[in-house]
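Please open the model in your viewer and keep the selection panel at hand. We will go from stop to stop, and at each one you will be told what to select and what is there.

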Amino acid sequence: MVKFIIKRILISLVIVFMVSVFAFFLMHILPGDPVRIVLGDEASVEDVNALREELHLNDPLISQYFKWISGIFTGDYGTSITYMRPAGEIISERLPKTVSIGLPALIIASVVGIVFGTVSAVRRGSKLDSALTLLSTLSLGTPTFWIGILLIYVFAVELRILPMKGYMGPSDGLLQYFKYSILPVFCLSLNMVAGITRQTRTNMLDVINQDYIRTARANGISEKKVIFKHALKNALIPVITQIALQVRVVIGGSVIVEQIFNINGIGMLLRESIFNRDYMIVQTSVFFISLVTVFCNLVVDILYGFVNPQIRKSGW
Amino acid sequence: MKKVLCVILLCMLLIPAFAGGGHETKEASPAFEPESRFGGTLVIGTTATVSSLSTVDMRGTDQFFENLLYEPLLTVGPNGTIVPVLAESYSADPESLTYTFKLRQGVKFHDGSDFNAEVAKWNLEYYKETGVYGSSYVGVIDSIEIIDDYTIVLHLSSWDAFLPVALARGGGASYMMSKQAFDTYGADYLKRHPVSTSPFMFESWTDGESIKLVKFKDYWRGEPYLDAVTIEMFSEAMVLQAAFEAGDVHIFSVSDGDMAAYLENNGYFIQKSSSPSMAYVIGFNCNDPSDPFSDVRVRQAVSYAIDSDQIVNTCFTFNGTVATQLDPVGGTYYNENINPYDVDIEKAKALLAEAGYADGFTTTLTTMNQWNLPLPVQMIAEQLKGIGINVELNIVERAQFFVLQDGWGAEGGMFASCFSLPAGGGSQIAANFAQNLGSAFGRTSLLHPDDVNELIQKAKNSSGDESVEYIKSAEELVYNKYCLMNVFAMTNNMTAISSNVIDSEFGKDTGSSNTLWKAYLVK
């Protein structure tokens, strides 16, 4: 088991290293000069060069990479070209906003998705199953921006019961937080609910048709026990993987939802920074998003190893 | 099941339909008695964002915030004229290379300190030293001399007739901050807590969400009526529009002509700026002998084939006008001798044949995927097919465009861009067609002929009408003789103003020019 865990950790470290290399070099390969974007096309060459020097953009790329990656370990994430402030400071300001929207969305989506998926599978072919399948297909197929704007129109413009935009954190009062976050959380969780519902339904249907479930039923075990103790437990393994993958949304934010509801989170920051070629912000954000995603997957992988010895023995 | 589906879909269709009506159809006008005025909070919406509130960090695109947070020495007034604000007047003396500014007396900053010559001198010097456009806009200022408490003289290293434009335009050069606040709290503090002379004092800034300002009772023009001004930032234009229609936002800059037309049709007042703010231009790769555009006849043929009327009527219906040069009719630098290049396909074909391209050729048209550029560019490509020129479009994002614009020669073909017109087109002619430019539109590809350069240098070295005449002569060469650029349209800024906002004059001269010190809300 220890060998398995060490192997997984090493693989994760390689992935994180590769992500850092890709994030850095892809940003620098993209055509566009961040200084020219920041200063505009009317700035003089002197002004452009002065800012390039100040930000070390004239240094060789390799040296810029090592400067950045070594800074990651010392807490110096470089300076944002757009904001002319430390990148780490800006990211840490934005992160709580993204997490306070993303985390409830993920929790709600996980609970609702698993319940819907289970009900749908157990009541396969019923009207309820059809309705839930239709809803999840609609949720997956409907663009989030359209749903967001429609919700704003109905609840903020017409009914005037919810704010149109902005953000209030839990520290501003739970009621305020609830009022400001209900629409973005709903929007963000919609796609996740649909995905988890479908995944749970498919897995449950697979499991329910297995021999051991039939045997359990034949042995007179109650239907409730068969579903929740025997079927769902096994059906949830791939679902948990899917949920773990969604953690990147909790950290990285949803660009569309943050854009529509004007939530100044990581998603908005990343979008704006990619357009502005704000290297430090993009590199550092991508690095940390990948770090968290890889960590979550590592935990899931290790848990799989505990739950299923076959996975451990296969080495992957 | 079908019934349920129908009801859901019907509801989705009906909600927007019901939501459209019910608004007043009154244009903003000052026809209300003083007693009906009340304070309240004016909410201005924007899709713009800002990363620092200090004048030295502000860029041209931040002018929206600058005009609400600060006051400048000079600003752009009606029809692109330069008008004094914190300066009472200014005079130019090209022979002694000096500009003399008489400053307004009795002006106080929000922290109670006085605005005077020392503060103005410090601001200009500080900007030159640390401002993002320090060398671009005010690099020509050699030293600043204080004559008395309210008079300063700018000594220049070489004469620059366009310095007042550089001081009046967005980008912070002549917007005044409190020196006392700087000395007390330092530069970093002012990035997030501006202290100025404007009618509304800074109260708070929630990054990317809102900036709150409150009335400054000691404002030099008198105490404002409004209690407060809030700048609400929206990242989505459609949500901003919805907020305006719901009455949550009183004023917002409309970037889309269709949105402006929709609002006007629904009874809202749309303020168009008194002079155009943007010019849409096509530049040609003239310096590469292998490029067909190195031949002036090909450039002229393209100009005769572009149907500006059609473009404006399709793409800029609400706020656009057909243009032939960088100034509108009646503008300071407008030259009536400029060839309008009226559509003449036969003439265009003849010019192409004369240049050896009777069968046409294939070329590239590069532009940026913003500022309403892609649609007109597609139309131009279609129009040029009519004279046998096959245009391959190269629509790139902003970041790439700026790089291409600097070193455009390698791309070849044509380049479509937008020119901002801070105070008419004179400064753009000088900034793009003089020789030895550090950066400019088509720096490596446009011709910079000696005769054009000579006229631009003469314009820079003179002042007033004389300078204007030199620019007009340079324009004749740029458009008529060399056909270096085709200006096909101009657009004005548009601002949607709620009917209960009076006397704001928001967006009347430039995108964010205003008279908020005398504005008020009516119930």
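Begin by selecting B:D111, which you will find in the loop between strand 6 (98-103) and helix 3 (117-130) of chain B. Before going further, keep in mind that what you have on screen is a predicted model.

Is B:D111 buried, exposed or partly exposed? With 14 other C-beta atoms within 10 Å, B:D111 is partly exposed, because a residue counts as exposed at 12 or fewer such atoms and as buried at 20 or more. Now display the surroundings of this residue: leaving aside its neighbours within four places in sequence, B:D111 is in contact with B:S178, B:Q180, B:A181 and B:V195. If you then select B:A261 as well, which lies 150 residues from B:D111 along the chain, you can follow a separation of 43 Å between the two C-alpha atoms.

Chain B has 523 residues, and 51% of them are buried. Among the contacts in chain B between residues at least 6 apart in sequence, 71% join residues that are at least 24 apart.

Stay in chain B and select B:A301, whose contacts, apart from its neighbours within four places in sequence, are B:A348, B:L351, B:L352 and B:I387. B:A301 also belongs to the largest nonpolar core, a set of 221 residues, in which B:V229, B:A279, B:A301, B:A474, B:V478 and B:L484 touch the most other members. Which helix gives the most to this core? For that, turn to chain A, where helix 8 (residues 174-208) contributes 12 residues.

The crossing of helix 7 of chain A past helix 8 of chain A is right-handed. To see where they meet, show the side chains of A:T144, A:I147, A:G148, A:L151, A:I152 and A:F155 in helix 7 of chain A, and those of A:L183, A:C187, A:L190 and A:N191 in helix 8 of chain A. Sorted by class, this contact between the two helices has seven nonpolar and three polar residues, and no charged ones.

Now widen the selection to the whole of chain A, which has 14 helices and zero strands. Along the principal axes, the C-alpha atoms of chain A fill a box of roughly 85 × 60 × 35 Å. Of the 316 residues in chain A, 42% are buried. Residues 24 or more positions apart account for 73% of the contacts in chain A with a separation of 6 or more.

Finally, show both chains together and look at their contact, which takes 36 residues from chain B and 34 residues from chain A. On the side of chain B that touches chain A, select helix 1 (2-19), helix 4 (134-138), helix 8 (237-245) and helix 14 (398-406) of chain B, each of which supplies at least two residues. Helix 14 of chain B gives the largest share of that side, six residues. Coloured by class, the side of chain B that touches chain A shows 16 nonpolar, 13 polar and seven charged residues.

Note on methods:
Residues are numbered from 1 along each chain as its sequence is written. Chains are lettered from A and ligands numbered from 1 in the order in which they are written. This is a predicted model: local features need pLDDT of at least 70, side-chain atom pairs count only at pLDDT 80 or more; totals for chains, interfaces and linings use all residues. Two residues are in contact if their C-beta atoms, placed from the backbone, lie within 7 Å. Helices (H or I, at least four residues) and strands (E, at least two) are DSSP runs, numbered from the N terminus. Ala, Val, Leu, Ile, Met, Phe, Trp, Tyr, Cys and Pro count as nonpolar, Asp, Glu, Lys and Arg as charged, and the others, Gly among them, as polar. A nonpolar core is a set of buried Ala, Val, Leu, Ile, Met, Phe, Trp, Tyr and Cys residues joined through C-beta atoms within 7 Å. A crossing is left-handed if the near helix is turned anticlockwise from the far one by less than a right angle, and right-handed if clockwise.
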